[in-house]
Amino acid sequence: MQLYAERPIRRTAQLVSDLLAVLFVVLAVWLATSVYDEVMKLRAPGDGLVDAGTGLRGTFDSAADSADGIPLIGDALAKALHGGSAVGTKFADAGRWQIEAVENLAWWMAAIIIALPVLTLVVTWLPLRWHFTRRATAAAQLRALGDEGLDLLALRALATQPLHRLASAGEVATGWRQRDRDVIEKLAGHELARHGLVP
């Protein structure tokens with residue numbers, strides 16, 4: 001499998017683009033984790049509400065249990081104090097709701113920050129790399145066949161190379177018809193060069 005070009009300039013450009021793609025993903029992950037951590041700091045008020053609500057409920061429940069033993073008014077006082085316990089439960093529930101909302105927000109923001117660059121690379125960079133690898137591998141396999149492969153590469157060059165490049169290949173039509181090896185090798189070289197390979 002031909003992952004990179006054999007020509008130095010094109011290979012360097014491919015290596016730089018691959019490195020930039022990896023750095024882009026690493027930067028996105030770093031940014032996502034930083035944003036996640038910062039957003040999670042917003043849960044502090046929710047934690048405070050849970051702690052305050054739990055403490056308030058515990059205080060009122062303890063007072064209600066103590067008041068229950070008072071003769072005559074103990075039941076009424078305990079019932080009133082249990083009402084305060086319900087308020088503590090509401091505070092704790094509100095705090096839990098806020099914590100859950102902040103956690104969901106942090107998770108979704110991190111996921112979006114990672115997904116956007118990765119999807120951009122999947123749509124743009126990855127198809128280009130796959131296209132190059134597939135075509136360069138096929139061209140390298142043809143080159144490995146020897147003269148038969150060079151004939152096919154030369155024929156492909158005749159069909160796909162720009163006219164000015166064909167004109168610079170010398171007497172292409174005459175050389176092709178007479179099976180001139182120099183012309184065939186030059187044409188095959190043009191086709192290989194188009195795929196980043198050397199003759």
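Leucine 116 is exposed, because its relative accessible area of 52% lies above the 50% cut-off for that class. This leucine is found in helix α3 of a predicted model.

**The surface patch**

Leucine 116 belongs to a nonpolar patch on the surface, together with Tyr36, Trp107, Trp108 and Ile112. The accessible area of these residues together is about 570 Å². Helix α3, which covers residues 74–123, gives the most to the patch, with four residues.

**The chain as a whole**

The secondary structure consists of eight helices and zero strands, and the pattern along the sequence reads α-α-α-α-α-α-α-α. The table gives values for the chain.

| Property of the chain | Value |
|---|---|
| Buried share of the 199 residues | 29% |
| Share of contacts joining residues at least 24 apart, among contacts between residues at least 6 apart in sequence | 73% |

**Helix α8**

Helix α8 spans residues 181–194 and has 14 residues. From its first C-alpha to its last, α8 reaches 20 Å, close to the 20 Å expected at 1.5 Å a residue. Several residues of α8 are buried: Val183, Ile184, Leu187, Ala188, Gly189, His190, Glu191 and Leu192. In general, an α-helix has 3.6 residues a turn, so residues three or four places apart point the same way. Just after α8, glycine 196 takes a positive phi of about 80°.

Conventions:
Residues numbered from 1 in each chain as written. Predicted model: local features only at pLDDT ≥ 70, side-chain atom pairs only at ≥ 80, totals over all residues. Heavy atoms only, no water. Helix = DSSP H or I, 4+ residues; strand = E, 2+ residues; numbered from the N terminus. Expected span 1.5 Å × (residues − 1). Buried < 20%, exposed > 50% of the residue type's maximum accessible area, 1.4 Å probe, protein only. Patch = residues over 30% accessible without salt bridge, like charges linked within 9 Å, V, L, I, M, F, W, Y side chains within 5 Å. Areas by Shrake-Rupley, 256 points an atom, 1.4 Å probe, with all protein chains shown as cover. Salt bridge = Lys/Arg side-chain N within 4 Å of Asp/Glu carboxyl O. Contact = heavy atoms within 4.5 Å.
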